[in-house]
Amino acid sequence: KSEIIGFEKRIFELFDDFLVTYKHSPQWLAVTKIGDIIVESLHFLNNKYYKLLAFCIMSNHVHILVKPLMDENSQPFSLPKIMHDHKRFTARESNKILQRKGHFWQDENYDHYIRNDEEFYNVVWYIINNPVKANLVKSWKEWKYTWVEDEVKRNL
């Protein structure tokens, strides 16, 4: 089982490295107004569907770390529901800015369940250091679209 988890992690890292360096995909998220819409949406859904813990918006992909909250049936909100609502709003608003229609987001998401504190902080570091890894800034704190919840930040 740990070999499979390690393999999945490595595939994700390779794909993420590809996204950072692949310049032929739309770079719409680099548009300030679109980045701001994504931030607005993430914070709007915070404490409604999830507890927002960290995010980083790159030019062609986003990393988000959330803890789903419970719905009216005492079940955690599903990640597909969370992502659908976030992507629907941000796609509509972003397409208005770009004066275009059609598909904005890719259909896929990479979901990962975190099992312990060590893994949690590894994921946080991975997310916030994305622009550092891409040589866009020297420190994650310099990237406009990196955010970490205050309690998490205190424990970094």
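Guide: The account below begins with one serine, then turns to its helix, the sheet and the cores. The model is predicted, with local features needing pLDDT of at least 70 and side-chain atom pairs counting only at pLDDT 80 or more, while totals for chains, interfaces and linings use all residues. Residues are numbered from 1 along each chain as its sequence is written, and side-chain values use heavy atoms, with hydrogens and water left out.

Serine 94 sits in helix H3, residues 79-98; helices (H or I, at least four residues) and strands (E, at least two) are DSSP runs, numbered from the N terminus. Serine 94 has a relative accessible area of 0% and is therefore buried, a term that means under 20% relative accessible area with a 1.4 Å probe, protein chains only. Beyond its neighbours within four places in sequence, serine 94 is in contact with Ile34, Ile37 and Phe104, contact meaning heavy atoms within 4.5 Å.

H3 itself has 20 residues and spans 27 Å from its first C-alpha to its last, close to the expected 28 Å; that expectation is 1.5 Å times one less than the number of residues. The buried residues of H3 include Met83, His86 and Thr90, and their cover includes helix H2 (32-45), strand S1 (50-57) and strand S2 (62-68). At the N-terminal end, serine 78 caps H3, with a side-chain oxygen 3.1 Å from the backbone nitrogen of lysine 81. After H3 comes glutamine 99, with a positive phi near 55°.

S1 and S2 belong to an open sheet of 3 strands, ordered S2-S1-S3 with antiparallel pairing; two strands pair if DSSP finds at least two bridges between them. Because S2 and strand S3 (146-148) stand at the edges with a single partner strand each, one side of each has no neighbour in the sheet. S1 is joined to S2 by 7 bridges, and leucine 52 stands opposite valine 66 in S2.

The largest nonpolar core has 18 residues, of which Leu29, Ile38, Tyr50 and Ile57 touch the most other members. Such a core is a set of buried Ala, Val, Leu, Ile, Met, Phe, Trp, Tyr and Cys residues joined through side-chain atoms within 4.5 Å. H2, S1 and H3 each supply at least two residues of this core, and the largest share, 5 residues, comes from H2. Leucine 29 touches, among others, Ile34 and Phe104, which are also contacts of serine 94.

How values were computed:
Buried < 20%, exposed > 50% of the residue type's maximum accessible area, 1.4 Å probe, protein only. Polar contact = N/O pair within 3.5 Å; in protein donor to acceptor, adjacent residues only side chain to side chain.
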